[in-house]
Amino acid sequence: MRVDAGLSKLLGLSRSAVASLAESGDVLVDGNPAGKSDRLAAGAWLEVTLPPAQQPLQVVAVPVEGLRILHQDDDIVVVDKPIGVAVHPSPGWEGPTVVGGLAAAGVRIATSGAAERQGVVHRLDAGTTGVMVVAKSEHAYSVLKRAFKERTVDKRYHAVVQGHPDPSRGTIDAPIDRHPRHDYKFAVVTGGKPSITHYETVEAFRAASLVDVKLETGRTHQIRVHFAAIKHPCVGDLTYGADPVLAQRLAITRQWLHARSLSFEHPSGGWATFESQYTADLQHALDELRDQDG
């Protein structure tokens with residue numbers, strides 16, 4: 001195997017992290033520095049010098065502009081997440097977070113989970129807007145984590161995708177895992193995690209379609225990856241092959257993807273549904289598509 005692929009599996013690091021180690025001369029094979037694309041031979045002596053451990057991630061209470069609380073009770077807090085906000089701190093992310101914004105607003109959330117994502121039961125990409133729920137009580141954390149795992153939560157998204165999916169209503173069933181060459185992306189790959197996306201076209205335009213999406217599974221970038229795989233990427237999603245000319249024409253600088261509604265069994269009983277309206281940039285792009293067709 002290549003050095004980057006072999007060490008990634010052996011040490012549980014990303015391939016890009018292993019490549020950085022190799023570039024720094026911290027990977028030796030039989031005493032000689034090895035490049036990321038060199039081959040690992042059976043019987044060779046392998047030495048890897050790992051960097052010092054990073055400091056634990058911490059939640060910093062900082063107000064988040066545009067973060068709206070849609071509902072709050074003793075068990076849960078439901079928020080409308082704005083663009084450019086991550087759900088919780090992660091390595092390399094220095095921007096605002098939902099948990100930091102809630103802390104700044106004086107909202108106490110569950111202490112279950114890793115320190116930097118306590119109370120978090122599901123996530124949205126930083127560039128994806130819309131409705132999400134955070135657990136406030138330990139009981140709610142357990143109930144909601146189980147509900148997401150058992151797929152009893154109804155997660156509805158709206159997306160504007162390029163072209164016209166055929167059929168106009170269908171299911172994309174294709175396994176997803178990290179992209180074999182680009183560590184920051186995901187892709188449909190053989191042997192990936194089972195991933196199922198249901199969709200239905202709501203409105204068709206000359207260059208794009210507004211689709212209602214129901215996720216059966218919740219893989220990272222699932223909607224973006226699945227629609228890119230069928231050659232209908234989300235409008236504005238340049239990472240996954242969207243047309244930059246169309247994105248510029250619609251004045252959109254991120255993927256047109258919005259978590260529209262979230263429905264689940266409330267931890268205290270009863271079925272609960274919460275909805276989020278389109279953000280200004282998404283609404284503007286939609287209006288432009290309608291005007292251009294008119």
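Predicted model: local features only at pLDDT ≥ 70, side-chain atom pairs only at ≥ 80, totals over all residues.
Local features here need pLDDT of at least 70, side-chain atom pairs count only at pLDDT 80 or more, and totals for chains, interfaces and linings use all residues. Residues are numbered from 1 along each chain as its sequence is written, and side-chain values use heavy atoms, with hydrogens and water left out.

So, how many aromatic pairs does the structure hold? There are three. Rings of Phe, Tyr and Trp (its six-membered ring) pair if their centres lie within 6.5 Å; planes under 30 degrees apart count as stacked, over 60 as edge-to-face and the rest as tilted.

Let's look at Tyr 199 and Phe 227. Their pair is edge-to-face because the planes are at 70°, with the centres 5.6 Å apart. Tyr 199 sits in strand E11 (residues 196–204) and Phe 227 in helix H5 (residues 222–229), so this pair links distant parts of the chain, 28 residues apart. Helices (H or I, at least four residues) and strands (E, at least two) are DSSP runs, numbered from the N terminus.

Buried means under 20% relative accessible area, exposed over 50%, partly exposed in between (1.4 Å probe, protein chains only).

Now find Phe 264 and Phe 274, a tilted pair with 5.9 Å from centre to centre and 35° between the planes. Phe 264 belongs to strand E13 (residues 257–265) and Phe 274 to strand E14 (residues 271–275), so the pair ties together parts ten residues apart in sequence. Both Phe 264 and Phe 274 are buried.
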